[in-house]
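This briefing is meant for a reader who meets the structure for the first time. It begins with one contact between two side chains and then goes on, topic by topic, to other parts of the chain.

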Amino acid sequence: MAFLPPPRLFAAFCLALLPTLPAAALELRGVEVRGLADEAEKANVRAALSLVALDARQRADLGDGELDYLLRQVPDDVARGLEPFGYYDTKAETDVRRDGEAVTVIVTVRAGEPVRVDERDIQVTGEAGADEAITRRLRWLRPRKGQPLRHDLYEASKARIDALLRERGYFDARLQIHRVEVDRGEGLADIFLTWESGERYRLGEARFSGHPFRDDLLGKLVDWEPGTPYHQSLVVDLQQRLAALDYFAGIDVRAEPPEDGSTTVPVDVRLTPAKRSIYSAGLRYSTDKGAGVTGGLERRWVNDRGHKLLANVELAQRGNEANVAYRIPAFAWLNGWYTASASLRQDPIDFIDSEVLEVVGSRSGQLGDWTVVAGLHFRRERFDDPATGNALAYSTLVYPQLAASWRVADDPLYPRRGQSLHIELRGGHTGIGSDIDFLQARAEANWVRSFDWRNRILLRAELGTTLTDDFADFPPLLRFYAGGDQSVRGYGYRDIGEHFVGFDNRDYIIGGKHLVVASVEFERMFTREWGGAVFVDAGDAFNDFKSDSFDMQVGVGVGVRWRSPVGPVRLDLAHGLGDDAQDTIRLHLTIGPDL
């Protein structure tokens, strides 16, 4: 961080008083600063030079007397420019190079050794003196003993302590002593800082207004009891929990110290309800499922208990689906929802038609950065049996499932730095109503890093495994497949998997017990909105690691990237190199976040 000196008002004033000389005017072509390797130091010295402060008119009409005066100011200007970096014994030499009436000034700087911190007397008195969070931060205040006296670090450290005192409720804290003593001869500096914290404020009751719910519903989101020591994070957490509910168009949380001298901070929450019902309809297209139409209804709250109702229907060329869910707030112990849902799905796999009815009861919640869902599933699947022709096979599974998702990104739509992880674990047993015993796990990870605003690397991996002695009776839609927009590009949707020759001698893709998928992509943006990418995907769905059933299928390609106002759009042209590639080149279109 560079500290800019005040404008050169005095220098300009003195220049105005100098007598006009008869000599021809000079033109100041440039000012070079040499002798400093650190770019921040060099920039600060340039900003401090009176020569650099001249405007275009003054540079073009500079007299010899004016130039001599400005050259005499250079040592003092350099000293002011380097003092914020701890240099108090600087020297500067100037070299004036003339080309006719054009002048270039070269300033050579010898910064010397920086003044280093010797003693530090840093303390907080009052109630915060026993606050471990405060005293721990004081020990890390910079600059530390033996380090150069960097003024920017010193001021930033003071500001962080001030902010921490406010965050922790010491609203009456004052910096009583703030002094730096510099011994230029010894090259040492002593720092003296003392804060008087005063009494720590306490959080009062949270009061909600402007909402249509029962008074006790939103109160369950409050993570403190009246009288709890103030901490700003508790107030921020309340605001984030309210925003996650999707009930409100406006949330205004105010926690301000009272003016009556009380040390109890009331929390006033003013809410503006969002539109209660949302209807949606649209057209969609994906290279995996083809063209389709969608429609949906969301009732943000059904009653004053905050219950929600969601329903949607999707009809596409390759697969139809209808879902309905009823959600009940669950704010005790773990903020989340109780959900009862039902879905009906028709999803063809190769030449195998499958229909699934699924009923789920689940409990979701937020554990730190993790979203966790635990549920009990009843699943009835009807599907074509390639071994018997037109006869229909049935599968009934009852199983618990645990899913956890973690995502950290610096931008929700276009992350330059981010990673995500999704894990699923499910298992069924004949003792609870399933036709077969099984255990299945799946994990998917994504990683994004950028080099600058133009270039990014995107890595993706997916692993899955199934343990069962009755895999022939395992329903097709729960088996593993690879291929498609979100898997191995260059292959059709679910084109990679174990093969089976049916009754009609047709080669059916019936999925596999295990799944391995990996992807590496390099993206370069040519403008802020448009860019391109090259990628390599590989994967397979198979039954046995020890046999020849594991055959990694590779796809390579190039793509166009558009950072649209509503989210990223990716158009890829990919070539499958493996035996399961049904077409030489495939087009893939995907819309949505990278993580």
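Arg139 and Glu132 meet through their side chains in a salt bridge, with an N to O distance of 3.2 Å; the term stands for a side-chain nitrogen of Lys or Arg within 4 Å of a carboxyl oxygen of Asp or Glu. The model is predicted, so that local features need pLDDT of at least 70 and side-chain atom pairs count only at pLDDT 80 or more, while totals for chains, interfaces and linings use all residues. Residues are numbered from 1 along each chain as its sequence is written, and side-chain values use heavy atoms, with hydrogens and water left out.

**Salt bridges**

- Glu132 counts as partly exposed because its relative accessibility is 43%, where buried means under 20% relative accessible area, exposed over 50%, and partly exposed in between (1.4 Å probe, protein chains only).
- A salt bridge also forms between Arg561 and Glu521, whose closest N and O atoms are 3.0 Å apart, and this pair links distant parts of the chain, since Arg561 lies in strand β25 and Glu521 in strand β23, 40 residues apart.
- Strands are DSSP runs (E, at least two residues), numbered from the N terminus.
- Arg561 counts as buried because its relative accessibility is 3%, and Glu521 is buried as well, with a relative accessible area of 6%.
- Arg561 and Glu521 belong to a network of salt bridges that also includes Arg460, Arg489, Asp537 and Asp572.
- In the whole structure, a search finds 42 salt bridges.

**A strand pair**

- Strand β10 (residues 277-286) and strand β11 (residues 290-299) run antiparallel and are joined by 10 bridges; two strands pair if DSSP finds at least two bridges between them.
- A hairpin of 3 residues connects β10 to β11, and Ser280 stands opposite Gly296 in β11.

**A nonpolar surface patch**

- Residues including Phe451, Trp530, Trp562 and Leu571 make a nonpolar surface patch of about 1000 Å², and β25 gives the most to this patch, with 3 residues.
- Such a patch is made of residues with over 30% relative accessible area and no salt bridge, nonpolar side chains (Val, Leu, Ile, Met, Phe, Trp, Tyr) being joined within 5 Å and like charges within 9 Å; accessible areas come from the Shrake-Rupley method with a 1.4 Å probe, and for residues only the protein chains shown count as cover.
- Leu571 has its place in strand β26 and counts as partly exposed because its relative accessibility is 37%.

Note on methods
Helix = DSSP H or I, 4+ residues; strand = E, 2+ residues; numbered from the N terminus.
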